[in-house]
Structures are given as structure tokens and as C-alpha cells.
Amino acid sequence: MEGILNTAPSRRRLPAAVLWDMDGTLVDTEPYWMETEHALAEANGATWTVEDAERLVGTSLINSGRYIRERMGLAESPEEIVEMLLDGVVGRVQDTVPWRPGARELLKALHDEGVPCALVTMSYQRFVAPILEHLPPETFRVVVTGDQVDNGKPHPEPYLTAAAALGVAPEECVAIEDSDAGATSAEAAGCAVLVVPNHVEVPPAPRRTFVDTLTGLTVADLGAIRAETPAHRP
């Protein structure tokens, strides 16, 4: 079956691995984070705007905690604020996992083709675990969470860590992202980037390919994206 990019068969060498963002890309959990942030602001009599919430999309939780502490004037440490946020979103995702259209189907197709996948998320392990419970075992051979790295997105460390754990070169991988911070992280690591915008606008860049949805996307399409992305220039 032809993929939605309609690429020529000669360009269809498969990627060495596909590295997935989670919030907003695999699952539409960004509203959970935003609702929890607004509730935190309301409980503390602070102001929190849509622009504030959008500013945090794709960034590391500890940086989000620092921003919230300053913006809301909270006495708690950034680490404590992160735990407060997690308390709110973990409960929500345990009730319902809001999958992004086409994500699980593409994951299955990659598994069937033998292409390894990694999850590269700035969420912490205790938020990731209940989501992974809804997927078949070994869907992701590697999981990199925000509490496992020293530098979160947009720093390249998360994607470099995932590629190294899979034993593949980042330049041979495709990363799937929905935010500028995440796309910047993947680009800096050397990956080709497929951007599926969701809650925030993502600016174009030479090594970014944009689609409106993952629905209908094939493994061959991802191979073409990797092949046609300009070489990484450190």
C-alpha cells in the first residue's frame, strides 16, 4: 500500500530506529498538564495564561517547575512543583489514555517490519508507566524519561541517549515530535525529524518534515523521510 507521502520505492530504505516523543505525539496528554497547571495557579491565587502553558510544551519538567515557581510566586522548590504536577496528571492518565490518531497503528507496523522504537519523553517514569501498560510488551525497546537525563529537551542528550541505548547512529533514525523544543533536541542529536503539530505551532527548518496526522503513514514513508533529510551539520 502506498504511504501518504507517495514516495518512490527506490527511496524506501527503512530507518535504523524510530524515536518517539510522548506528550502530544503518542498521546494527547498536553491538556492534562495544562489543566493541572491552571488548577495549581488557582489554588495559589496566581495568574496562569494559555501562553504560559504553551511555553512549557516539550520542555523538561524541571525547567517547567522553575518557570512555574517564578511565574506563580510559589515557595516550593522546582522539584516539589514537578511532583505536584505529576500528582495531577498521573490520576488523569490512569483513567483514560488519549491516543493520538494513527500512533498505535504505526507502532504496530514498525514492530512488524522489525524497526526498533524508543520512547524519548521529558515526563517522569511514574507518569510514563501507566501509559506503557496499555501497549504490548517490548513496543519500546528503550525508554528515556526526563528523570534519567541531566539535560532535557531542547538539549540533544535525550535523543543521543536513546540512540546509544539502541546501538544505532542518530543520523540513521527518525524522531517523531510535536513541539519546537523536541524537534530542536532531535535535530541537534542528528536525527531526521517528523513533526506532527498538535497544540503549539512548530516553525519549519531544513531537517523537519511536517504531516497533519500519523494516520495512513507507513514505515516506508519514514524511510523516505530519513533518506531525504539533509545531512546533519554539528
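A polar contact here is a pair of N or O atoms within 3.5 Å; within protein, one must be able to donate a hydrogen and the other to accept it, and residues adjacent in sequence count only if both atoms are side-chain atoms. Helices (H or I, at least four residues) and strands (E, at least two) are DSSP runs, numbered from the N terminus.

This is a predicted model, in which local features need pLDDT of at least 70 and side-chain atom pairs count only at pLDDT 80 or more, while totals for chains, interfaces and linings use all residues. Residues are numbered from 1 along each chain as its sequence is written, and side-chain values use heavy atoms, with hydrogens and water left out.

I'll start with helix α8. S179 caps its N-terminal end, with a side-chain oxygen 3.0 Å from the backbone nitrogen of G182. After α8 comes G190, and the phi of G190 is positive, near 115°.

Is α8 enclosed or open? Seven of the 10 residues in this helix, which spans 180-189, are buried, so α8 is largely enclosed by the rest of the structure. Buried means under 20% relative accessible area, exposed over 50%, and partly exposed in between, using a 1.4 Å probe and protein chains only. The buried residues are A181, G182, A183, S185, A186, E187 and A189. What covers them includes helix α7 (157-166), together with the strands β4 (173-177), β5 (192-195) and β6 (208-210).

Next, the strands. Two strands pair if DSSP finds at least two bridges between them. Strand β1, residues 17-20, runs parallel to β2 and is joined to it by three bridges. β1 is also joined to β4, again in parallel, by four bridges. V18 has C117 as its bridge partner in β2.

On the other pairing of β2, three bridges link it in the parallel sense to strand β3, residues 142-144. There L119 stands opposite V143. Between β2 and β3 the chain passes through helix α6, residues 125-132, and this β-α-β crossover is right-handed. Right-handed means that, with the strands pointing away from the viewer, the path from the first strand over the helix to the second runs clockwise.

In a regular strand the side chains alternate between the two faces of the sheet. For β1, both faces are covered: A17 and L19 on one side, V18 and W20 on the other, all buried. β2, residues 117-120, is likewise covered on both faces, with C117 and L119 buried on one side and A118 and V120 buried on the other.

Now the cysteines. A disulfide is a pair of cysteine sulfur atoms within 2.5 Å, and a search of the whole structure finds zero of them. For C117, the nearest cysteine sulfur is that of C173, 10 Å away. For C173, the nearest is that of C191, at 5.3 Å. C117 counts as buried because its relative accessibility is 2%, and C173 counts as buried at 0%.

Last, a loop residue. Where is S60? It is found in the loop between α2 (50-55) and α3 (61-72). At 6% relative accessibility, S60 counts as buried. Its side chain makes a polar contact of 3.1 Å with the side chain of N63. Leaving aside neighbours within four places in sequence, S60 is in contact (heavy atoms within 4.5 Å) with M122, G152 and K153.
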